[in-house]
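Trainee: Pick one part of this model, please, and give me a close look at it. I'd like to hear what pairs with what, and what packs where.

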Amino acid sequence: MNRTQANGSRARAGEEKNGAAGRIKVEDAVRVILRHIGEDPDREGLERTPMRVAKAYEFLTSGYAKDPKEAINGALFSEDDYQEMILCKDLDFYSLCEHHLLPFMGKAHVAYLPNRKIVGISKLARMVEIYARRLQVQERLTTQIAQTIMSEIDPLGVAVVLEAEHLCMRMRGVEKQNSFVTTSAMLGVFRTNTETRQEFMQLLRNGKP
């Protein structure tokens, strides 16, 4: 094994060790929370809960370890003939509100007007997922999706609309059970051209009562 390989092996071993140590700290923190609310973390039903919670949060925040731009790289294709709007509707997403660590979830609608380049549709869904699997507020999530598409694909314009329900509103606080939040980001021609924006909104309404 050469020096470079040895250094790489040590780095990976260090990451694994730090990862294991980090999970133990999270599990200990969950036990503190359980005791704080009056529970016994050592009783049968809860003894494995700290481990489950640690794993769940690793999954729900896995977007921090991924680059959303990589979801697009390698999936760009030249296309001079198609110059009409491309819309991907009803992309399910799940995220955690950074204010209370409670879930919010809903649908993402993503459109862009190509400028001689198109991207694989599944890559848009993947990018939404990566950003959603971080601690978020819906407004920032909407903007991040739009700005990344704008910078990586260089289209004539991008439009993103997110519709979500927030459990921090339904389970606590105001407890409004039927509330939804809608956010939007319009860039390029979607912001400057009324007809393009109206076409996008009409396509979103298609099939809805």
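**The sheet and its surroundings**

Mentor: Let's start with helix H7 (residues 194-205), which lies across E2, E3, E6 and E7 and runs at about 75 degrees to E2. Helices (H or I, at least four residues) and strands (E, at least two) are DSSP runs numbered from the N terminus; contact means heavy atoms within 4.5 Å. Axes are lines fitted to C-alpha atoms, for helices over the stretch in contact, with angles from 0 to 180 degrees between N-to-C directions.

Some ground rules: this is a predicted model, where local features need pLDDT of at least 70 and side-chain atom pairs count only at pLDDT 80 or more, while totals for chains, interfaces and linings use all residues. Residues are numbered from 1 along each chain as its sequence is written, and side-chain values use heavy atoms, leaving out hydrogens and water.

Now the sheet itself. It's open, with five strands in the order E5-E2-E3-E6-E7 and mixed pairing; two strands pair if DSSP finds at least two bridges between them. E5 and strand E7 (181-188) are at the edges with a single partner strand each, so one side of each has no neighbour in the sheet.

Cysteine 88 stands opposite valine 110 in E3. On its other flank, E3 pairs with E6, again in the antiparallel sense, over ten bridges; tyrosine 112 has valine 158 in E6 as its bridge partner. E6 then joins E7 through eight bridges, also antiparallel, and glycine 157 is partnered there with glycine 188.

E3 is mostly covered, with nine of its eleven residues buried, where buried means under 20% relative accessible area, exposed over 50%, and partly exposed in between (1.4 Å probe, protein chains only).

Of its 30 residues, the ones touching the most other members are Phe93, Val110, Tyr112, Leu141, Ile145 and Ile149. Strand E2 (86-97), strand E3 (103-113), helix H3 (121-132), helix H4 (138-153) and strand E6 (157-166) each give two or more residues to this core. H3 brings the largest share, six residues. A second, separate core has nine residues, among them Met85, Ala159, Met186 and Phe190.

Who covers the sheet? In H3, Leu124, Met127, Val128, Ile130, Tyr131 and Ala132 are buried, and the buried residues of H3 pack against E2, E3, strand E4 (117-119), strand E5 (135-136) and H4. H4 lies across E2, E3, E5, E6 and E7, at about 155 degrees to E6.

A disulfide here is a pair of cysteine sulfur atoms within 2.5 Å, and the count comes to zero. The sulfur of cysteine 168 has its closest cysteine sulfur, in cysteine 97, 4.4 Å away, so it is too far for a bond. Cysteine 168 counts as buried because its relative accessibility is 13%, and cysteine 88 does too, at 12%.

Conventions: A nonpolar core is a set of buried Ala, Val, Leu, Ile, Met, Phe, Trp, Tyr and Cys residues joined through side-chain atoms within 4.5 Å.
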